[in-house]
Amino acid sequence: MSQQLKKLQAVKGMNDLLPEESPYWQYLEAQIAETVQGYGYQEIRFPILEATELFKRSIGEVTDIVEKEMYTFDDRNGDSLTLRPEGTASCVRACEEHQMLYNRATLTQKLWYTGPMFRYEKPQKGRLRQFHQFGVEAYGYLGPDVDAELLMMTARLWRVLGIDQAVTLQINSLGSNESRRAYRDALVAYLEARKDQLDEDSQRRLTTNPLRILDSKSAKTQSLLDGAPDLADYLDEESRQHFAQLQELLKGAGVDFTVNTRLVRGLDYYGKTVFEWVTDRLGAQGTVCAGGRYDKLVEQLGGKPTPAVGFAMGLERLILLLQELNAFPEEISRATDVYVVAVGEVMPQAFALAEVLRANSPYLRVQVNCGGGNFKTQLKKADRSGAEIALILGETEAAAGEVGVKYLRTEDPQTTIKQEDVSTLIF
Ligand code: ATP
Ligand code: MG
């Protein structure tokens with residue numbers, strides 16, 4: 001009796017990216033990279049696996065990520081490794097390891113990275129277990145000017161992508177470690193007295209990570225917070241000034257924002273500026289870009305004190321948003337522009353013709369018919385390829401040094417041109 005083999009499937013929450021979707025990703029990634037490089041940011045690539053210790057020490061032991069979302073395992077040597085849940089910790093580790101922050105010539109760094117991140121979450125629309133982020137980090141800048149520039153850069157990106165009407169910016173200041181601690185005590189005192197009215201998650205956080213209660217999704221908890229102490233009242237003078245200057249710079253640059261004093265982030269390393277770009281077009285998973293300042297992290301990971309600020313965007317959510325808004329240019333999904341129909345003993349000439357086209361127009365996508373077939377079959381394949389133009393090469397054309405030009409999407413009449421003139425065609 002033959003045993004039925006179990007069907008192999010991708011791991012839950014980890015998606016394949018199919019050919020019809022990849023043009024959207026290529027387009028988005030190219031637009032982002034071009035935009036941030038326009039501000040002097042350079043790409044850095046680091047491994048997907050890191051020592052578990054790195055994330056515990058940076059993100060924080062009592063955060064959602066470290067407590068319950070990491071993919072952690074022992075390798076064959078017994079070392080604990082973790083699939084990166086985010087990029088900032090690795091970026092700091094790499095900068096440290098390569099002394100990128102201490103050379104006189106490189107006291108500052110502006111970096112970007114992109115790639116898959118891994119978190120054990122409940123998969124749903126805009127929330128996956130393998131998801132992709134595009135992040136930037138700026139090191140060595142203490143003042144609010146670079147915070148403002150980062151936000152101007154994201155605002156510019158939304159315009160480039162045509163989604164600026166669908167996203168809004170929320171900012172907050174978390175203050176210094178000391179001011180935050182004072183606020184935390186006041187918040188805990190207020191909530192302790194009303195503990196029975198808190199949702200279950202928030203009750204737990206009261207002892208582990210009370211600031212996270214501020215962004216509880218429970219409506220009851222939120223209304224309880226209306227009477228709670230306000231983080232803004234606890235800011236230290238330096239953070240207050242930093243935040244005020246940031247707001248001035250944003251106003252000057254025409255970047256609209258709202259101050260949300262309940263905005264906190266899920267990672268422990270943030271202080272002073274934090275921000276999120278949110279949309280109401282994606283349901284519960286509405287944050288498309290989030291970040292802030294983390295001046296203490298480099299030191300916390302063993303380096304010299306180095307101010308730092310950065311953000312990460314969720315690429316899945318941005319793809320969903322661009323699709324929702326019909327913001328992708330139509331032509332990007334076309335895999336072929338020109339299809340060469342080659343009937344009879346003409347393959348060498350068909351290949352040569354295609355090579356000339358590719359050499360002269362590097363962006364043109366040219367497919368030569370492979371696998372034979374008569375004229376009618378090949379023309380059908382040309383049509384299905386999405387091409388605008390079919391170049392037709394039969395033995396008659398080949399003998400005359402000519403090629404037929406058939407427009408597949410317009411009513412333009414078919415013509416015949418000399419093969420050497422093929423590059424003069426306007427696509
Ligand atoms: P959330 O509150 O949605 O869980 P987060 O605070 O955990 O987000 P960050 O760690 O700040 O998110 O990551 C930055 C961005 O990466 C998020 O704003 C979001 O766009 C994206 N992101 C985070 N987790 C996921 C995920 N599991 N699937 C898809 N995108 C994600
Ligand atoms: Mg999360």
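**View 1. Buried residues of helix α13 in the predicted model.** In this predicted model, helix α13 spans residues 375-384, and its residues Gln-378, Leu-379 and Ala-382 are buried. These three lie on the same side of α13, because the arc they cover around the axis is only 100°. Strands β12 (338-342), β14 (389-393) and β15 (402-407) pack against the buried residues of α13. The other side of the helix carries Lys-376, Lys-380 and Arg-384, which are exposed.

View 2. The N-terminal end of α13 is capped by Asn-374. A side-chain oxygen of Asn-374 lies 3.2 Å from the backbone nitrogen of Lys-376. The side chain of Lys-376 belongs to an exposed residue of α13. Just after the helix comes Gly-386, with a positive phi of about 90°.

**View 3. Helix α7 and its cover.** Helix α7 is formed by residues 200-208, of which Ser-202, Arg-205 and Leu-206 are buried. Seen down the helix axis, the buried residues of α7 fall within an arc of 120°, so they line one face. Among the elements that cover these buried residues are α3 (64-69), α6 (177-192) and α8 (219-225). Glu-200 and Thr-207 are exposed, and they sit on the face of α7 turned away from its buried side.

**View 4. Asp-147 in helix α5.** Helix α5 runs over residues 144-161 and includes Asp-147. Asp-147 counts as buried because its relative accessibility is 0%, and the cut-off for buried is under 20%. The side chain of Asp-147 makes a polar contact of 2.7 Å with the side chain of Thr-273. Neighbours within four places in sequence aside, the residues in contact with Asp-147 are His-242, Leu-246, Thr-273, Arg-293 and Val-309.

**View 5. Arg-156 in helix α5.** Arg-156 is also found in helix α5. Arg-156 has a relative accessible area of 41% and is therefore partly exposed, a class that lies between the limits of 20% and 50%. When residues up to four places away in sequence are not counted, Arg-156 touches Thr-35 and Tyr-39. Leu-249 is 93 residues from Arg-156 in sequence, and their C-alpha atoms are 15 Å apart in space.

**View 6. Residues around ligand 1.** The residues around ligand 1 number 15, and those that come nearest are Arg-119, Glu-121, Arg-127, Arg-265 and Thr-287. A nitrogen atom of the ligand is 2.6 Å from a polar side-chain atom of Glu-121. An N or O atom in the side chain of Arg-127 lies 2.8 Å from an oxygen atom of ligand 1. For Arg-265, a polar side-chain atom is 2.8 Å from an oxygen atom of ligand 1. On its own, ligand 1 has 580 Å² of accessible area, and the protein covers 89% of this.

**View 7. Make-up of the shell around ligand 1.** Two or more residues of the shell come from each of β6 (130-139), β10 (287-293) and β11 (308-314). Strand β10 gives the largest share, three residues. Sorted by class, the shell holds six nonpolar, four polar and five charged residues.

Technical notes. Residues are numbered from 1 along each chain as its sequence is written. Chains are lettered from A and ligands numbered from 1 in the order in which they are written. This is a predicted model: local features need pLDDT of at least 70, side-chain atom pairs count only at pLDDT 80 or more; totals for chains, interfaces and linings use all residues. Side-chain values use heavy atoms; hydrogens and water are left out. A residue is near a molecule or strand if one of its heavy atoms lies within 4 Å of it. A polar contact is a pair of N or O atoms within 3.5 Å; within protein, one must be able to donate a hydrogen and the other to accept it, and residues adjacent in sequence count only if both atoms are side-chain atoms. Accessible areas come from the Shrake-Rupley method with a 1.4 Å probe; for residues, only the protein chains shown count as cover. Helices (H or I, at least four residues) and strands (E, at least two) are DSSP runs, numbered from the N terminus. Ala, Val, Leu, Ile, Met, Phe, Trp, Tyr, Cys and Pro count as nonpolar, Asp, Glu, Lys and Arg as charged, and the others, Gly among them, as polar. Buried means under 20% relative accessible area, exposed over 50%, partly exposed in between (1.4 Å probe, protein chains only). The arc is that of the directions from the helix axis to the C-beta atoms. Contact means heavy atoms within 4.5 Å.
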